[in-house]
Each structure stands twice: as structure tokens, then as C-alpha cells.
Amino acid sequence: MAELDKSQHEVAVAGDWTYASAPESRDIVHIADRYGHFVGGEWLEAAETYETIAPRDEEPLSAVGQGTAADVGRAVGAARAAYADGWSSLPGSERAKYLFRIARLLQERSREFAVLESLNGGKPIKESRDVDLPLAAAHFFYYAGWADKLEYAFPNRRPRPVGVAGQIIPWNFPLLMVAWKVAPALACGNTVVLKPAETTPLTALLFCDVLRQAELPVGVVNIVTGDGHTGAALVENDDVDKIAFTGSTEVGKEIQRRLAGTGKKLTLELGGKAANIVFDDAALDQAVEGIVNGIYFNQGHVCCAGSRLFVQESIYEPLVAKLERRLSTLRVGDPLDKNTDVGAINSAAQLEKIRELVASGVEEGAEIYQPPCVLPEKGYWFVPTVFTNVAQSYRIAQEEIFGPVLSVLTFRTPEEAVEKANNTPYGLSAGVWTEKGSRILWMAQRLRAGVVWANTFNRFDPSSPFGGYKESGFGREGGLHGLEPYLEFDE
Ligand code: NDP
């Protein structure tokens, strides 16, 4: 026995358990030097371009078209022609075939899309590979299933398509937002003009190649790139029948003002400041994972991020200790590294906004915790951050930071938790952690949020409607509800 002990002591044990780097190859992706706009199935040369970059190291990736009102006009013309030339009257079962094809092509080319998404947007490859791409394909599969069942979905209401949909999307889930917008619109027989976000146009442009492979009739989907002016031109185009917008509350309000009285249909998916509420009977280790996933997933660039953590007072200290310990194990760095948990901030402007709000938190008196973390020298980075000692009136408890920053507050009773959670202009999502099913239902009835997760967070499914209350917008995407904004009814 003594000998065995001795030999065990001689076994070499590694002292350093840090992960070796595991970079995903980017060879699978071809990026053109220059892109125009995808209009009527062809590439329209852009008169003006801007540079799109990789936020991880500011590497220029390509020159992308800055769409003018005239470009938008041509795209809307192509969409109108495709609508009239047969797409809107195609049997649903035929439209479904195209959607199924698009879904399968996205699955086949998922690695290529995932690498490009992480390169252009900064999110970790394990997220684009395991979340964005599977969900984007799932959305097309799901809405393909509805295309020939609209009469059953809305019995006795005789649904028909709206016409040309103008769709404006943000930079946090570039391809997934394409899927959320395009799939239901096409399933209902509409045609589309879509504007991707200025900083993340590349996967939407690669998606045009999927449309070509799927042999989608020309003009059914058109993509015009550019900044907010291009988006505004789409909103103002008289021949657009419906606008679907995802982005900031500020721009959403502006769009609503512009469309007032025009008769155009509108859906707005805007910001959020979600409450993630942990009761003292919750499984704490699971809750900690849910909190981390809730706020550090996609660097916190998530409209439904659990950015306000409400902890029942009796478990405040152990929970915060566990959370801070877990934070120190998060790996921040190269988005293309398969081990990375937290990638790059999407843009210099967004990094500046996060810094400004974090500085306000310190100034107002909150206590900041950031784990030791070596950040890359180039690119846009922010250390995962927790604020404790936060008052409800602080800006970090009121405003959407859209970064990896969590504000921790406390409560004593369920009633207090509900009151504090609802004390925000937003109402997009919420999370409840408790072992009592009855308490989950009690809370879900009282929380003013479009989605309430129980003992989990940031779970998405194409069959589940998603959308907000109050300043988080109106209209739903996903599920049966997601069809309705793309339909008119002869009742
Ligand atoms: P925006 O709301 O400005 O952008 C969303 C989309 O709208 C983009 O495609 C944008 O183009 C376009 N756009 C901008 N101005 C107009 C306009 N006047 N008319 C029509 N379209 C327009 O969000 P930002 O990217 O500027 O981010 C600002 C803040 O918004 C973030 O810090 C975050 O708090 C919040 N946000 C919330 C999101 C959500 O999902 N709820 C998503 C993104 C941001 P362009 O990209 O060129 O600006």
C-alpha cells in the first residue's frame, strides 16, 4: 500500500488547466471585396459604399453598398412586380417548398454562415454555430409548415397576403433576424425588401446566395444595405404595405410617428430591461448558470437579456459569491475560438455606450465587480461586469445597456419582486427561479412581460410567440401569432 501511494505521487499532474486555443478555420468563407444590393435577383451596383469590419480586430472585411432612396425604390418595385407576377397567388404548398429548401440549405451551409456571423458581428462561434444557425433554419422549417394551412390557422377569416413588406433588422442576431422576418412573410405570400444593420450586413448578403440556390422567384426577397438613412427611405416608401422593425425604442418611436395615418401595418420589436428573479428556494447553482446565460450570452447584446437580477434577501450573499466565482471562469476573447464564452463588442459606438453607462453606475454609487481578465489589444472588448448595491433609480437599473453588465437588486416578498420587476418602461421578458410551480404561475400572471421563463432563460423556439409590452413594442414574432402581421382578413 505504501508503495502504491508512492507511485501515485510520482504521476505527473498538469499545473496549468487553462484552455489551449481552438480557433475555427475561416477558410470556408469567401468574402467579396465589394457588394452591391440584391434587387430582382441581381446584384445592383452601389454608387456609394462603406467598409464593414471584424469587431474582434477591426480588420476591414468588405466594401458594402450604402443604399439610397432610389435603390430602395428599385427594390420595392422588384418586390411589387414579384408579388403581382405570381408569388402572392402561388398555392401555399408551392411556397412551402421554397421555404423548406431555404431551411435545408441553411443547415447544409451552417458552418460557413456561423464563421461569417462571428467574424462580422463578434459573437462566439459556439453561439452562432449552436444557437443562431439552428434557430434560423428552424424558423424556415416551421413557417414552411404553415404556408398551406393559413385557412385552418384562421378559420372563417379568409386570410390573404398584405403585399410588400419592408423589414429593418439590428446587428445582434443578423441572420436569425433575417429568418424571423423573411420566413413568416413569405409563408403568407408577401414579398420583401430587407435592410440589415449597418455593422453586420455580410450574412444577409450570403443569404442571397441561398435564395439563388433555392431558385426562389426573382424579386420575392430583395436586400438593400446601408445605414439608418436607408432604413428611413424604406419606411417612407409609399409602395410598401407593412413595416417590421427590430431595434432601439428611440428609432421604433420615430418610425411609428412617420407611419401614423398612412394605413401601413407596423410591428415593433424594441428594447428591454428584463428582470431575472431568484427566490430563496431556487436551485442556486442552476440559477447562477441561468443568470450568466441571461446576461453574458452574446455579450449582453440581447433585447431580452436578464440585465436586472432580483435576489431574495436571505440568499443574497451566497448567490452573489457564487456568481462572482462563476464570472472568473468565463473566457473572453477571439469569437472564432471554440472555447470562447464572451466575444467582441459589436462596434466602437456600442462599446462607448456601455462604458458611459458603466461609468454612470460607479458615479451614482453602485459597487462594481469585474473578474481579472486579459483583453486582446485590438478590437472592441468589455469585461463581464456585475454591479451590486444598485438603487432602482440608477441609470444602470433603468436604461438598456446592451452589453455584458448585470445590475443586482434585492427583494423580500413575491409582491415586492413583482412591483420592482414591473418598474420599468419596458416589458419584453422576465425570468423566475423557484422550486414552487404555483409561485411560477402566480408570478407569470403579474409580470408585465411578453415572455416569462421559469427556471431557465433565453430559450427560443420558432413555435413560441415573442414580443413586448409597453416600450418594448407591439406585435408578435414566432408561432401562429407571427403570421398575423403578414395577413389581411376578409371578414
Ligand atoms: P437602431 O434602432 O438604430 O438600429 C436598428 C435598425 O434600424 C438598423 O438596421 C438601423 O440601421 C436602422 N435604423 C436606424 N435609424 C433608422 C431610422 N431613422 N429609420 C429606419 N431605420 C433606422 O439601433 P442601434 O444599432 O443604433 O443601437 C442603439 C441601441 O439600440 C443599442 O445600444 C441597444 O440599446 C438598442 N438595440 C436594441 C435592439 C433590440 O433587439 N431590441 C437591437 C439593436 C439595438 P443602422 O444599423 O445603419 O443604424
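This is a predicted model: local features need pLDDT of at least 70, side-chain atom pairs count only at pLDDT 80 or more; totals for chains, interfaces and linings use all residues.
Trainee: Let's start with helices H3 and H8: at what angle do they pack, and how far apart are their axes?

Mentor: Helix H3, residues 92-108, and helix H8, residues 202-213, pack at an angle of about 125°, and their axes are 9 Å apart. That angle makes H3 oblique to H8, and the crossing in which H3 passes H8 is right-handed.

Trainee: Which residues make the contact?

Mentor: On the H3 side the contact is made by Ile 102, Leu 105 and Leu 106, while H8 brings in Phe 207, Val 210, Leu 211 and Gln 213.

Trainee: And by class, how many are nonpolar, polar or charged?

Mentor: The contact of H3 with H8 has 6 nonpolar residues and 1 polar residue, with no charged residues.

Trainee: Switching to aromatics, how many pairs does a search of the whole structure find?

Mentor: Such a search finds 16 aromatic pairs. Among them is the pair of Phe 38 and Trp 43, whose ring centres are 5.3 Å apart and whose planes stand at 55°, so the pair counts as tilted.

Trainee: What about the rings of Phe 100 and Phe 141?

Mentor: The centres of the Phe 100 and Phe 141 rings are 6.2 Å apart and their planes are at 50°, so this pair is tilted. The pair links distant parts of the chain, since Phe 100 lies in helix H3 and Phe 141 in helix H5, which covers residues 125-146, and the two are 41 residues apart. Phe 100 counts as partly exposed at 31% relative accessibility, and Phe 141 is partly exposed with a relative accessible area of 27%.

Trainee: Which residues form an aromatic cluster?

Mentor: One aromatic cluster is formed by Trp 180, Trp 453, Phe 457, Phe 460 and Phe 466.

Trainee: What is Asp 132 in contact with, leaving aside its neighbours within four places in sequence?

Mentor: With those neighbours set aside, Asp 132 is in contact with Glu 117, Lys 123, Glu 127, Phe 173 and Leu 176.

Trainee: Which residues of helix H15 are buried, and what covers them?

Mentor: In helix H15, which spans residues 414-421, the buried residues are Ala 417, Val 418, Lys 420 and Ala 421. Their cover includes strand S12 (275-278), strand S13 (308-312), strand S16 (405-411) and helix H16 (437-446).

Trainee: Last topic, backbone angles: what is phi of Arg 158, and where is Arg 158 found?

Mentor: Phi of Arg 158 is near 40°, a positive value in a residue other than glycine. Arg 158 is in the loop between helix H6 (150-153) and strand S6 (159-161), and Arg 158 is exposed, with a relative accessible area of 53%.

Trainee: And what about phi of Lys 470?

Mentor: Lys 470 is not a glycine, although its phi is positive, at about 50°. The loop that holds Lys 470 runs between strand S18 (451-454) and strand S19 (473-474), and Lys 470 is partly exposed, with a relative accessible area of 41%.

Conventions. Residues are numbered from 1 along each chain as its sequence is written. Side-chain values use heavy atoms; hydrogens and water are left out. Helices (H or I, at least four residues) and strands (E, at least two) are DSSP runs, numbered from the N terminus. Buried means under 20% relative accessible area, exposed over 50%, partly exposed in between (1.4 Å probe, protein chains only). Axes are lines fitted to C-alpha atoms, for helices over the stretch in contact, and angles run from 0 to 180 degrees between N-to-C directions. Angles under 35 degrees count as roughly parallel, over 145 as roughly antiparallel, 65 to 115 as roughly perpendicular and the rest as oblique. A crossing is left-handed if the near helix is turned anticlockwise from the far one by less than a right angle, and right-handed if clockwise. Contact means heavy atoms within 4.5 Å. Ala, Val, Leu, Ile, Met, Phe, Trp, Tyr, Cys and Pro count as nonpolar, Asp, Glu, Lys and Arg as charged, and the others, Gly among them, as polar. Rings of Phe, Tyr and Trp (its six-membered ring) pair if their centres lie within 6.5 Å; planes under 30 degrees apart count as stacked, over 60 as edge-to-face and the rest as tilted.
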